[in-house]
Amino acid sequence: MAELIVPGDAVVLDGPVPGDPLRLMSPLTRALGREGPAVVVRTSGSTGRAKRTVLARDALAASSMATAVRTGGVGQWLLALPVHYVAGVQVLVRSLYAGTDPVVLDPAARFTPESFAAAAEEMDDPVRYTSLVPTQLQRILEPASGVRNGDAVSALKSFSAILLGGSAAPPRLLAAARAADVRVVSTYGMTETCGGCVYDGVPLDGVSVHVAGADDDAPRPGVPGPAGPGRIWLGGDVVAAGYAGDPEQTARHFRETAGTRWYRTDDLGGLSADGVLTVHGRIDDVVNTGGVKVAAGLVTAALTEHPAVRQAVVLGVPDAEWGQAVGAAVVAAPGTDRRRLRTELEESVRARHGTAAVPRRWAWPDELPLLPTGKPDRAAVGRLLG
């Protein structure tokens, strides 16, 4: 596969952007004013191998238009995420296409309910949007202190839609958002699809989802995949051009079939009869414990369905007897009896997925260690689990 050529005026995001993120608005305007690669976003994903994803003007435009259609229109955006990640730069891109001025939450400061409320107060458009990760929403709706900041909750309610992505949101958090009349949209996607392209399990207009069978082939017209679980493929105009400087990885992950460009994800999922996608976790996120393979994502889902669990991460940890053991780091609601909760969680996992899936190592941090993206820091979680 031919190597991608990135124009010199493309906006290249190789790491944190110093200073005011709004200084990117002018170069973004220039890059989006012509055809071809417009933005390059470096990401290591969860593999540790750096990739420079090339997003073309037409893909970003398709993503912005589909988001506007699904959320009900255009409006003003609040930037509350680092701008060198796709969800952050997309706030600026969508603002440009909407013709509105974004408001920036201080990128140098820790996200707090107070800082969010103050930033929202600066917005002057009644139609407003933002993108958050679950941890940010949780700090407002389920603070560790148990006492909500009323101004921050009111600010949340003022948004026409809050796009929630980066990692799976616990059911308890989504229920809290519904109870507070906060309009949250759970998104699924990645840098290679210009960010979220499946909202509340339903693909955006112009986006296709395919779940591959055992052969793991790219989607073929008229040949449906299994109900799941299987590898998720995402297709449509939002799919990236490929990886700069890495034709091998581009060929591995990107395909074109019958005029549709597809991205081969590393995630497992299933499609319901009416086309709703459920994501089960990463394909390589499997714990081999005593010869039994356990899907960490399914165990995580079982844990987070408990009403006393605020967050959870499940992964494999070295074990002298079993090779690997299932480990779980759980953030419990304030005042929870952890011994009783552990017993209930063990019973729940055993009933759903069998004895091998029951975590043997537990950690109970007050908060999960996080990466700058807001995603859980799995390496740090592994250290907590010993």
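A251 has a relative accessible area of 33%, so A251 counts as partly exposed; buried means under 20% relative accessible area, exposed over 50%, and partly exposed in between, with a 1.4 Å probe and protein chains only. This is a predicted model, in which local features need pLDDT of at least 70 and side-chain atom pairs count only at pLDDT 80 or more, while totals for chains, interfaces and linings use all residues. Residues are numbered from 1 along each chain as its sequence is written, and side-chain values use heavy atoms, with hydrogens and water left out.

**Exercise 1. The buried side of helix α1**

Which residues of helix α1 are buried, and what covers them?

Solution. 
- Step 1: Helix α1 spans residues 25-32, and its buried residues are M25, L28, A31 and L32.
- Step 2: These residues cover an arc of only 125° around the axis, so they lie on the same side of α1. The arc is that of the directions from the helix axis to the C-beta atoms.
- Step 3: The general rule is that an α-helix has 3.6 residues a turn, so residues three or four places apart point the same way.
- Step 4: The cover over the buried residues of α1 includes β1 (11-13), β2 (37-43), α2 (57-71) and α3 (86-98).

**Exercise 2. Helix α4 and residue L156**

List the buried residues of helix α4, then find which residues L156 touches.

Solution. 
- Step 1: In α4 (residues 113-121), the buried residues are P113, S115, F116, A117, A119 and A120.
- Step 2: Among the elements that cover them are β4 (76-79), β5 (103-104), β6 (128-132), α5 and α6 (150-157).
- Step 3: L156 belongs to helix α6. Its relative accessible area is 0%, so L156 is buried.
- Step 4: Not counting residues up to four places away in sequence, L156 touches F116, L132, L137, I140, L141, I162 and V182.
- Step 5: L156 and I5 are 151 residues apart along the chain, and their C-alpha atoms are separated by 41 Å.

**Exercise 3. Two cysteines**

How many disulfides does the structure hold?

Solution. 
- Step 1: A disulfide is a pair of cysteine sulfur atoms within 2.5 Å.
- Step 2: The structure holds 0 disulfides.
- Step 3: For C194, the nearest cysteine sulfur is that of C197, 8.9 Å away, and C194 is in no disulfide.
- Step 4: For C197, the nearest cysteine sulfur is that of C194, 8.9 Å away, and C197 is in no disulfide either.
- Step 5: C194 is buried at a relative accessible area of 0%, and C197 is buried at 1%.

**Exercise 4. Residue G281**

Which residues is G281 in contact with, leaving aside its neighbours within four places in sequence?

Solution. 
- Step 1: G281 is part of strand β16 (residues 277-282).
- Step 2: With those neighbours left aside, the contacts of G281 are D267 and L268.
- Step 3: G281 and L24 lie 257 residues apart along the chain, with 33 Å between their C-alpha atoms.

Notes: Helix = DSSP H or I, 4+ residues; strand = E, 2+ residues; numbered from the N terminus. Contact = heavy atoms within 4.5 Å.
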